[in-house]
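Me: I have a protein chain open here and would like to talk it through slowly. Could you help me read it?

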Amino acid sequence: MQTNFLSQQFNAGSLAENSTACPANATICDGTSCVLPEDNFNQTLNVVLSTVLTIMLAMVMFSMGCNVELKNFLGHLRRPWGIFVGFLCQFGIMPLTAFLLSLAFNVLPIQAVVVMIMGCCPGGTASNVIAYWVDGDMDLSISMTTCSTLLAMGMMPLCLLIYTKMWTDSSAIVLPYDSIGISLVALVIPISFGMFVNHKWPSKAKIILKVGSILGAVLIVIIAVVGGILYKGSWVITPKLWIIGTIFPAAGYTLGFFLARIAGLSWRRCRTVSLETGMQNTQLCSTIVQLSFTPEQLELMFTFPLIYSIFQLTFALLILAGYRLYRRHYVKTKTDVEKTAPKEDSKSTAIINGGFVSDEMK
């Protein structure tokens, strides 16, 4: 039923208008992208790499947990001003931005739906790694990722109900609650072990953190390369989705930063909220898309999550490079290197959790 309903949202004329040349061996080739037949090599590669990447991700999250102070983490949960600002960005700014971009570029209804799905997804774990490299608030970063993943159970259906009803029935979109739950468990357990190690053996935790941060950077690059290999047959796609995939993460980073600053968060936490807003869980989006649509529909927007992933990583690396250059050439004191400043731990819980802070903390 959901397939027939979605299929009625676009006609042959729209397909022809958005079509481009496809490879000769494509199994689907009358829309804006082409899907090549799967081969045994890709299937085997997918299984092997998924296993390896899952193990690497657990190790990275464990190492990120080694940079989290239990006292500060619980402080964010008790006075969740920073988390609340992140919540507004994640489930307020991103879905609204997706909706406006879909309208502005007048994409096909089926394509607008996948853009909306991406906008409604929770934050991705890659944001934790980048937040570490830009001297972000790791306690806030991890608490935001955890809370957004947990809240996605209810906020994703609500946002999709509100924004997609003009294009399709939201009940036609299959939300993989089991995948969200697995993501949450895979996030919480390694980080909890990392926090325990940091509490018991702080000196060893620092070594683990350094190794894990490098491993995390390598993991992000590997995921991007693997995505290009596994989905090499689906790169012929409408230019509109390429443009949206470029603008969307940039808008998320920018709007997240400014909303956090307007809310009175310190520069350090503004960087953190910005990254948590722009970096989405693209793997979850891909899962939802594959569960909800037929192959004929997938050809119109199958690659969009990967396009978004590429540009969210590109802009994150630009932010990292810009911050590192800023630190190297302009920062003479400890003004913006707050994570190494012991005075923050001695502040009140309100200061730990962000909010309106004094100028010397900004």
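What follows is a short chat about the chain as a whole, one of its helices and a database record.

Me: What should I know before we start?
Reply: This is a predicted model, in which local features need pLDDT of at least 70 and side-chain atom pairs count only at pLDDT 80 or more, while totals for chains, interfaces and linings use all residues. Residues are numbered from 1 along each chain as its sequence is written, and side-chain values use heavy atoms, with hydrogens and water left out.

Me: How many helices and strands are in the chain?
Reply: There are 16 helices and zero strands, where helices (H or I, at least four residues) and strands (E, at least two) are DSSP runs numbered from the N terminus.

Me: And how much of the chain is buried?
Reply: Of the 362 residues, 52% are buried, meaning under 20% relative accessible area with a 1.4 Å probe, counting protein chains only.

Me: What does helix 11 look like?
Reply: Helix 11 covers residues 239-262, and its 24 residues reach 34 Å from first C-alpha to last, close to the 34 Å expected at 1.5 Å a residue (1.5 Å times one less than the number of residues). Its buried residues include L241, F248 and Y253, and G264, which follows the helix, has a positive phi near 90 degrees.

Me: Which helices cover its buried residues?
Reply: The cover includes helix 5 (81-105), helix 6 (109-120), helix 12 (267-278) and helix 15 (304-330).

Me: Switching topic, what does UniProt list?
Reply: An unreviewed UniProt entry lists "transmembrane region" for several spans, including 83-105 and 140-163, though such annotations may be inferred rather than shown by experiment. In the model, residues 83-105 are 100% helix, with end C-alpha atoms 32 Å apart, and residues 140-163 are also 100% helix, with ends 29 Å apart.

Terms used. Buried < 20%, exposed > 50% of the residue type's maximum accessible area, 1.4 Å probe, protein only. Contact = heavy atoms within 4.5 Å.
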